[in-house]
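The structure is shown first.

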Amino acid sequence: MRQRSLVKIALLSATAVALAACSNSSSGSSGGGGLTGGNSGGSSSGKTYTIGFQGPLSGDNQQLGINERNAVELAVEQANAKGDLNFKLKYTEADDVGAPATAPPAAAKLIQDDSVVAVVGPSFSGATKAVAKNYADAKLAIVSPSATNTTLTSQGFSTFFRVVPPDSAQGTQAADYIAKKGKSIYLIDDTSEYGTGLAKDIETELKVKGAKYVREGVADTTQDYSAIAAKVASSGADVMYYAGYYSGASLFAKALASAGYKGLAVSGDGSKDAQFIAGAGTSGESWEFTCPCADATVDPNMKSFADAYNKKWSTPSSTYSPEAFDATNAIIDVMKGIDGDITREKVVAGLKTVNYKGLTNTVKFQANGEIEKAIVFLYKVKSSKLSLVGTVTSQI
Amino acid sequence: MTSFAKAGTDSAPGAQPAAGVAFDVQDVTLRFGGVTSLNHVSLQMRRGEILAVIGPNGAGKTSLFNSLTGVYAPQEGRITLQAREGDEPVSVIGMKVHKVNHLGVARTFQNIRLFPALTAIENVKIGIETRQKSGPVSAMLGLPWQRREEHASTKRALELLSFVGLAHRANDIAGSLAYGEQRRLEIARAMGTNPSVLLLDEPAAGTNPVEKRELADLIKRINVEDGVSVLLIEHDMKLVMSIADRLVVLNFGQKIAEGTPEQIQRDPAVIAAYLGTTDEDAAKAELEAQPELRRIELLTDEERERENEGETL
Amino acid sequence: MNPALAFLRSDSGKRLGACLGLGVALALMTGATGRQDDYLYAIKEDLFTFHLIENLLIGVVVWLLFTFWPVIRRYLTRPGALGLLAGAMTVIVAQTVLGWYEPEDAKFSGLATLVGDTNGISALSSAFFGWLAWAQLIAVIVVGAAALVLRNRALFWVGAAMAVAAAIIASQAHKKVDELAGVVDHATGVTVAVWGYLTIAVALAIAAISTDDVARTREFVNAVLGWRPGFALGAAATALALYSLGVSSWFAPKSLNATLADVHSLFKGTSLAPIAVQYFIWLSWALVIVAGALVLVAAYFRSIILGIVGAAAAAVGLVITMISIHAITSLAANSENTYATKGPWQNLGDGAWWTCASFLALAAAGLVVAQSALKGRSATAADAAHDPSAGPRFLYAPGATLAVLGAAAAAAIFIPPTLEPSWQTALVTSIGIYMFLAIGLNVVVGWAGLLDLGFIAFYAIGAYTTAYLVGSLPVKPPFELPVLWAIPFAIAVCLIAGVILGFPTLRLRGDYLAIVTLGFGEIVRLVAVNSNGITNGPRGTEDQVPHPVINLGFVKFTFGLDQLPYWYLLLAVMVIVIIFFRRLENSRTGRAWAAIREDEVAAQAAGINPVKYKLLAFAIGASTSGIAGVLFATNVGFFNPDNFKFEFSILVLAYVVFGGMGSLPGAIAGAAVLTWLPEFLRDQVPSEDRQMYIGAVLVIMMIFRPAGLIPAKRRATELRGHGPDSAESQAVPAGGGLGGSYA
Amino acid sequence: MNDFIRYTIAGLTLGSMYALIALGYTLVYGVLQLINFAHSEVFMTGAFGSYIVVDTLVGGHGRQNGFMVVVVLGVGLITGALSGAGAAWLLERVAYRPLRRRGAPKLAFLISAIGASFFMSQLAGKLFNRQKNNSFPNFFDNRVLFSIGEADVRLLQVIIIVAAVVLMFFLDRLVQKTKLGRSIRAVAEDAPTAALMGINIDKTISRTFVIGGALGGAAGFLFALFSSLSYQMGFFPGTKAFAAAVLGGIGNPRGAMLGGLTLGLVENWSVMFLPSQWTNVIAFAVLVLVLMFRPSGILGERLGRAA
């Protein structure tokens, strides 16, 4: 039951060789795929490796996980179809429900599978904190497309990488921007792990700046934003920053419009999504977003990604899909560059030096696994379309 | 409504009850909304006697019981309890039900209220064990004194079961016992709390003549051998007359007579009011001929009682 | 009336409607996934294609089963029918759910595809995986069923022979595949399928011999178990041990699957301890044979002394086995030349652990022999009077309790090491912890009859108390404690929290209590979410909660990422709690709870203070989940308020009710099954649909077994309809009144 | 003061939706003495059912003229109510009636309902989608109708409140005046006796579910119009509405209405004084406090008595 190797690889020690002889082992030899084709030891050509995904596929946050999962699977499929790999790629997934408590069994499932050489995920910071050590222990690389909690890269998780910048990068610049734009700031988070993390980093910078602000939270389960919208409107604030996901943001935008709020509304990368505009309608007009991501709308590859995604999953790509796509492709890029057998250690080493131009960003990691380039851009909704304004620094 | 205020520990105000009186009920009035269940009732129950309370349905007998045991708190009057010789007399009005029980008053119910999913012996042990001391921790650790108490309660429960003639059914589920057996089991459970005063609410209802004789015998033995005072509600006149030392007659919440069986049997007010006719024998016969009728009346009575309790507790 | 209409209005017609509805539901459940741009897409895909017909057919089959159930039932009681059914189900499960080929992690269908793609495979294998597997199953079932219906002796023998042949074909076909691929494969699928066929063969053979009209399964089982108490267990354990010694893997580092004999040659010439060397040559066999023979002989002759000696021999065997496997694993870990890189007890195959389990079971069997022999001698009339278990119980063989306990202990101790790491993790973080919570909630709901919808709050309080005491929260304690020292504090804090919740709310009746406890649970979670400065809010504990260290002076053990030690820690604590709770249940406290639950007014009249006992139940339940909170916190090291959502309270309640309210084994079994299910479904259905299937299982279970898996004795009786309407068993609907107690 | 009015209007809007959902809990509780845990999913079904029809009817996001707005609103309410009623009927048939036949203990119903709730919500997620922000087409302009002081009152708020009031008025009449209402009350008061009087208990219970489901489904439509719809939308409003039903006195329709409004107002008013992340804490704390002092809710229980 513990045993899952494909064939008996010759053991290093003499004793093991003796054993191998006595237990009737032989390498598969008949060709033509099937049982023996892809798995015979020796040459690395035709071997099968697996890229795993860990994220919430059930539970309250399952849609975020599904967005990422779809992109990872798409990337694997495209890589196989392209035909320039000298190995076969497989995809596997482990559902962690997005919570720290349920993450360990999911991680263990991927770790114990010897064919898994790298993992995209975990999606959430909490789940990441709960299992990053286990992955480090197994020398298995984890490349998260969406865990942005600032503290993750300072805990010495040796195999952790992320293709999104930490909250602090975005938070600092976002705070500088809103502090410049308004005298009185209303900072709202959605009491999710992501929202509070981002809001905390913004708050820290606002304090440094000495800006006048109010911070408040809205339960992430809220479906009625009228009260908080009325509060913002009557507070006389001229800038409002919402740290949270698009589903809340679009409802909040509607409520703010109804409440007659006239000031500037800014949000972060979690809300910068076509779904925001679809949900908020005209109420979302002139909302601004800070986002540490390249302008995907002008990238021609983005269009082909979006089309391929829509074709495969019959649903448009959504939050964190491009990031997960980039993370997967970065891993595949690393795997392509490895000579001989691909091992987990080699993938980790390769990720440390990877330089891959993705849809959202250039994937290049610092020593602690943080993505190198953390330019924060400002976007704005103009006539129901998301358009790039420029870097946030240029607006300050 | 339960109140958390400490009630009933102070001695009763007013005059001390006469010597030898277990329950001293003075001028008690109990109302539910517009209905007056007990209307200025006074009676005294002496220690060691068998006192029967009789009266037609709805006369307030069960209300009286509930007032005596703390289930209801009458709006007016005094109820003073001195269950044992030498006890401090206390007022039970506003006292919590289990506290009254701990002062030495045990009761049975008109509609049997056993713990039907438990075995017979468990039912009795529950009564016995309310007098024990060991707590959950000693039970979890299986400490010696807890085991001793457990032993003692099993032994005592078996004694009580044989006392009421149910030893052979000790391990049977209470709900599966026959009607008469359940009545006796309820008495055994009440006796388990080692009472000085036992309140029996229609113990003979629904039992057959043989069981009735056994029951009468049992009550006598409880009274004589264990020295327990018994307050009895019963419709069966034959039973009441044969064992009661004294009787109190209620009608429409008022006491209309009190005295020995002979006195009561001859009391014209009782015959008129309670039996609804001057012809005693005819009335008796009618009742006996239509036991079904009486059951139905009792049931509705019981339901009203449940209703009231629901609001009170 | 129109006959078609009349049929539709009949019970049978209604049932057909329901079954077709079931078919539609199945079609929707297993069908396409919806799209946001076309809301009717999935419905169209599911209901206007052939997909619907397939599922409707399933509905029709179910309807036929229900409609002709009385007929089927008659045949089901015939000898051999149950065996045929069980065996067929086993084969079906093996061929749909279980793994058949480890290297590719493939199930039967996956392997079939692989075989189809492979050239030069033996004809037998290609036929078996192509069509023969299902064909032979159907053939065996048809012949067996025909034999049952016709009661034809020859046909029974034919069926049995066919089943044996099918078993051989299956095992050979699979063996050929492994040989061709040159792999060592421990997939369970084929073994289980073979067992299924053998079950059928035995059942049909028995049916052929039997002259009974009605099978007497229970009597048969009881006769086997009661013939010589302990014999059956001893024989099973000996067989398992022999199998493990001969066939199973003993040492399994990365690419190796060494049997006992392999281990001997593998470690030849190393500095292995002499006793271990001897163990791998002959001692193991000798120990199993001696202990097994002693126990079996003792059982046969009902000898107390031999039984004890046998148990002792088994214990010695267990110790020597553990010494030996410890020796090889530590040696392997210290040498650089193997793949066995981890410490002692690692890399062991299932054979080693199964042998340990067999020895433990043998020891239990020896004790059963001794105990039942002792009882047999001292059996008195008083004893009989004390236990008049009148009805025939399924397991009334003497020593049954001890035997079950022994087997359970053997499984709980020695099976987890043979599991995959993901299952070990699940066993601790999902299954074990929630079993613990279910035990705690059972006190409140099952015993005291108080409906608590916010139970998870105490778990949260326990976990946060731990995090605070070890300094993992933004607020630091005056002095930091080692993590296991948090247990008494967590118990105390939860106890107080339980009383705080209980005191003002206990006079509320069932449903009101439910919503207040729900509110309490949400308040606790929301406070944890919103108090960024104290709990670090939704981002969870600031620092890692350290893994526990057990330091007894002479022995020091540090827990790490490996999950097995946590399992044993959890098991130890759980066993203590279970023993405590068992005693509590049968003490005056437990009876007082039962009394309050059954009839609060009568309980009061008997002198029980309900407020006191309800508070006690709250406090004890709360402190149990406090302990669970500590163990959880130290195991995962990191958690956030998401772990304490309302739905978890609901789930724990579902475990308790599913298992059987008020029954300790029920609560444990309910939690085990329902926490195992999602982990199991991980590999069976799309991850995102898991909860849907769990919901369906809950509904179906409650329809067909409302009292739970293992109903409590005290409640089982009342569900059978004994006695007058107690407040709790009132058939719904019922007119209000006092029906307050909710359980 | 203007703030106060603003929050009050928002509170009444939210509260009237809570009240509509709470009625479903309370009606079922009245006849069965059971918490219908899956009612939140009935509410969700109403939202999806009405959405599909309205989306087909209106298409795109085009603004409609006044007449069409009324038509669409009517159609939405009716289809929402119909899908809610259908879901509730099925629910009673599948998850309740078989248990009733077997005389299952009370908690078994609760678990069965919880299972049904998981199932319905996840099935909706599978059949439609699992996005959190599906929203109705903007087929009308949510303009300011009038102002009280400086507080604006918008069209949608008026629609919701008026629709809820009308529905509740009809329900109240139905329970009070019709034969069906009498049988519901009779079953609630004393089912065995009601059966003796010739009332078909099964039918009455089934119809009670359907009425509660229709109200919940209509509320689902209004809620989705006002906020958004998703397969998980039922859970929180459902929990709140359950709390509202208990707050008012469960089993008592007028109590449910009062409890819903109270809860909606409390939630909105609390935002005036405290950061809004504490709203839910306040809501539950108020519930606990009220029950401590009035253990049977504000109006007390009993369908038969108080309605």
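## Interface between chains D and A

Between chain D and chain A the count of salt bridges is 0. Residue pairs in polar contact number 11, with both residues of each pair at pLDDT 80 or more. The model is a predicted one. On the chain D side, α1, α8 (201-226), α9 (235-248) and α10 each supply at least two of the residues that touch chain A. The most comes from α1(D), which gives 5 residues to that side. Sorted by class, the side of chain D that touches chain A holds 12 nonpolar, 13 polar and 5 charged residues.

The size of an interface is often given as the accessible area lost when the parts come together. For chain D and chain A, the buried area is about 2500 Å². Carbon and sulfur atoms give 42% of this area. In terms of contacts, 30 residues of chain D meet 33 residues of chain A.

## Helices α1 and α10 of chain D

Two of the helices that supply residues to the side of chain D touching chain A, α1 and α10, also pack against each other. Helix α1 of chain D spans residues 2-32, and helix α10 of chain D spans residues 253-273. Their axes lie 6 Å apart, at an angle of about 145°. The crossing of α1(D) with α10(D) is right-handed. By class, this contact is made up of 19 nonpolar, 8 polar and 1 charged residues.

## Helices α3 and α12 of chain A

In chain A, helix α3 (residues 62-82) and helix α12 (residues 321-336) cross at roughly 35°, and their axes come within 8 Å. α3(A) passes α12(A) in a right-handed crossing.

From α3(A), the contact uses A:Asn67, A:Glu68, A:Ala71, A:Val72, A:Leu74, A:Ala75, A:Val76, A:Gln78 and A:Ala79. These meet A:Ser321, A:Ala324, A:Phe325, A:Thr328, A:Asn329 and A:Ile332 of α12(A). The class totals for the contact of α3(A) with α12(A) are 9 nonpolar, 5 polar and 1 charged residues.

## Backbone features

Most residues other than glycine have a negative phi, and most peptide bonds are trans. Two places in this model can be read against that background.

The peptide bond from A:Gly121 to A:Pro122 is cis, and its omega is near -10°. A:Pro122 sits in the loop between β3 (116-120) and α5 (125-137) of chain A. In chain B, B:His40 is not a glycine but has a positive phi of about 45°. B:His40 belongs to strand β2 (residues 35-46) of chain B.

Conventions. Residues are numbered from 1 along each chain as its sequence is written. Chains are lettered from A and ligands numbered from 1 in the order in which they are written. This is a predicted model: local features need pLDDT of at least 70, side-chain atom pairs count only at pLDDT 80 or more; totals for chains, interfaces and linings use all residues. Side-chain values use heavy atoms; hydrogens and water are left out. Axes are lines fitted to C-alpha atoms, for helices over the stretch in contact, and angles run from 0 to 180 degrees between N-to-C directions. Helices (H or I, at least four residues) and strands (E, at least two) are DSSP runs, numbered from the N terminus. A crossing is left-handed if the near helix is turned anticlockwise from the far one by less than a right angle, and right-handed if clockwise. Ala, Val, Leu, Ile, Met, Phe, Trp, Tyr, Cys and Pro count as nonpolar, Asp, Glu, Lys and Arg as charged, and the others, Gly among them, as polar. Contact means heavy atoms within 4.5 Å. Buried area is the accessible area (1.4 Å probe) that two parts lose on being put together, summed over both. A salt bridge is a side-chain nitrogen of Lys or Arg within 4 Å of a carboxyl oxygen of Asp or Glu. A polar contact is a pair of N or O atoms within 3.5 Å; within protein, one must be able to donate a hydrogen and the other to accept it, and residues adjacent in sequence count only if both atoms are side-chain atoms.
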